[in-house]
Amino acid sequence: MNKKIGFIGCGNMAQAMISALVKSKLIESNQIIVSNRSKSILEKMNKEYGITIASNNIEVAEKCDIVFLAVKPNLYEMVMKEIKDSVTKDKIFVSIAPGKTMEFLEAHLGADAKILRTMPNTPSMVSEGMTAICPNQNINSEELELLVKLIESFGAVEIIEEKLFDAVVAVSGSSPAYVFMFIEAMADAAVIQGMPRAQAYRFAAQAVLGSAKMVLESKSHPGELKDMVCSPGGTTIEAVAVLEEKGMRSAVIEAMRKCAQKSKGM
């Protein structure tokens, strides 16, 4: 791929993306140009992956064909103001921040700017991410195809309407935290029963991984898959009854509602 890919910011998500891109061999590592406030992180990434270190954000914006804005949401306005003069019609800017609408991005980068709004999640760090994307009207079909290919290097991709982004933040962007809590709770329960903690985490995590794979590959309704495990008068239905009694479903639904609501206000 004869493109230069830039990252403004090099936090956990950017590092996951860079790692996946290099491993995919879609692009040569020295074609990835990165800026970051912490020089030690840049030096580490250069040593590990061979990426090119930029002296500042403007250099990334000027030299790259596709620029990932990988800074915290509260820094977006400052960064876009800084690179505004480097925005041209042939460059693509990729947002990964929750709550930053296309209207907001176009207001700061320009109405003619090519912008892809995305919402990735942390499983991208192990190439099992789930990323929602939404292009603005300036991105053509060929460019969109290229962007999908790049993002697929670190997981699955779905093109969605922008109005669904707050729901995506709740259902995939933030949900790894809920799943980690669930795994931790299951492991704690196994430890109570005498299982060593490291072993408990492995059993719990593998059960979640396998269950998720069954949903994706069987195409069966999750309720149907749950019923397969629940024998009449058995151990599983006993556990399910307790989860229902304690309000597991309503707690998850309310948590995700609050998450989406927070995203709207960012």
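Is helix 1 mostly covered or mostly exposed, and how many of its 13 residues are buried?

## Helix 1

In this predicted model, helix 1 is mostly covered, with 10 of its 13 residues buried. The buried positions are Met13, Ala14, Gln15, Ala16, Met17, Ile18, Ser19, Ala20, Leu21 and Val22. They pack against strand 1 (5-8), strand 2 (32-35), helix 2 (39-49), strand 4 (66-69) and helix 6 (141-151).

From its first C-alpha to its last, helix 1 reaches 18 Å, close to the 18 Å expected at 1.5 Å a residue.

## Nonpolar cores

The largest nonpolar core has 58 residues, of which Phe7, Ile18, Ile32, Ile66, Leu69, Tyr76 and Leu109 touch the most other members. Helix 1 (residues 12-24) supplies the largest share of this core, seven residues. Another core, of 10 residues, lies apart from it and includes Met119, Phe165, Val168 and Cys259.

Within the largest core, Leu69 is one of the residues that touch the most other members. Leaving aside residues up to four places away in sequence, Leu69 touches Ile8, Tyr76, Val79, Met80, Ile83, Val94, Ile96 and Leu109.

## Helices 8 and 9

Helix 8 (residues 175-192) and helix 9 (residues 197-218) have axes that come within 8 Å and cross at roughly 135 degrees. The two helices are therefore oblique to each other. The crossing of helix 8 past helix 9 is right-handed.

On helix 8, the contact is made by Val179, Phe182, Ile183, Glu184, Met186, Ala187, Asp188, Ala190 and Val191. Helix 9 contributes Arg197, Ala200, Tyr201, Ala204, Ala205 and Val208 to the contact.

Methods
Residues are numbered from 1 along each chain as its sequence is written. This is a predicted model: local features need pLDDT of at least 70, side-chain atom pairs count only at pLDDT 80 or more; totals for chains, interfaces and linings use all residues. Side-chain values use heavy atoms; hydrogens and water are left out. A nonpolar core is a set of buried Ala, Val, Leu, Ile, Met, Phe, Trp, Tyr and Cys residues joined through side-chain atoms within 4.5 Å. Buried means under 20% relative accessible area, exposed over 50%, partly exposed in between (1.4 Å probe, protein chains only). Helices (H or I, at least four residues) and strands (E, at least two) are DSSP runs, numbered from the N terminus. Contact means heavy atoms within 4.5 Å. The expected span of a helix is 1.5 Å times one less than its number of residues. Axes are lines fitted to C-alpha atoms, for helices over the stretch in contact, and angles run from 0 to 180 degrees between N-to-C directions. Angles under 35 degrees count as roughly parallel, over 145 as roughly antiparallel, 65 to 115 as roughly perpendicular and the rest as oblique. A crossing is left-handed if the near helix is turned anticlockwise from the far one by less than a right angle, and right-handed if clockwise.
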